[in-house]
Amino acid sequence: MSVQELKEIECYVHGAIIGVGFRNFAKVKADELHIYGFAENTPEGTVKVVGQGNEAVLRRFIEILSVGPETAEVESIDINWNKVISTHYSVFEVR
């Protein structure tokens, strides 16, 4: 996939999502969908998820994140779509 075909999302997931395996859930789903980037906890108590991939696949990923694992209670997701200038990631990692 060329850089022109890549899209990037930067999401902030809100809810009861810390300490329930949300970041690992995001990694498993990203790996299944061939999305590259990361998931990390923020000081504000949200999970930041950055992913690069095909737009349709990223939209599916957002749908999956909005539900989360059974142990989580996702309240909302703030989503920013960013232009990809270069590929920064070769895997999806939990930070």
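I began with Gln52, which counts as buried at 2% relative accessibility, where buried means under 20% relative accessible area, exposed over 50% and partly exposed in between, with a 1.4 Å probe and protein chains only. Before going on I noted that this is a predicted model, in which local features need pLDDT of at least 70 and side-chain atom pairs count only at pLDDT 80 or more, while totals for chains, interfaces and linings use all residues. Residues are numbered from 1 along each chain as its sequence is written, and side-chain values use heavy atoms, with hydrogens and water left out.

**Gln52.** I placed Gln52 in strand 3, residues 47–53; helices (H or I, at least four residues) and strands (E, at least two) are DSSP runs numbered from the N terminus. Its side chain makes a polar contact with the side chain of Glu8 at 2.7 Å, the term standing for a pair of N or O atoms within 3.5 Å, of which, within protein, one must be able to donate a hydrogen and the other to accept it, residues adjacent in sequence counting only if both atoms are side-chain atoms. I then listed what Gln52 touches, not counting residues up to four places away in sequence, and found among them Leu6, Lys7, Glu8, His34, Tyr36, Leu58 and His88; contact means heavy atoms within 4.5 Å.

**His34.** I turned to His34, one of the residues that Gln52 touches, and located His34 in the loop between helix 1 (22–33) and strand 2 (36–41). His34 is exposed, with a relative accessible area of 57%, and its phi is near 60°, a positive value in a residue other than glycine. I set beside this that most residues other than glycine have a negative phi.

**Trp81.** I found Trp81 in strand 4, partly exposed with a relative accessible area of 34%. Leaving aside neighbours within four places in sequence, Trp81 is in contact with Lys7, Glu8, Ile9, Glu55, Leu58, Arg59 and Ile62. I also checked Trp81 against Glu10, and these two, 71 residues apart in sequence, lie 6.5 Å apart in space, C-alpha to C-alpha.

**Two loop residues.** I looked up Pro69 in the loop between helix 2 (55–67) and strand 4 (73–82), where Pro69 is buried at a relative accessible area of 12% and, leaving aside its neighbours within four places in sequence, is in contact with Val20, Gly21, Phe22 and Phe25. Lys83, in the loop between strand 4 and strand 5 (92–94), is exposed at 77% relative accessible area.

**The whole chain.** I recorded two helices and five strands for the protein, running β-α-β-β-α-β-β from the N terminus on. With 95 residues, a compact globule would have a radius of gyration near 12 Å, and the protein agrees with this at 12 Å; the radius is taken over C-alpha atoms, and the globule rule is 2.2 Å times the number of residues to the power 0.38. Of the 95 residues, 38% count as buried. Finally I noted that, among contacts between residues at least 6 apart in sequence, 77% join residues at least 24 apart.
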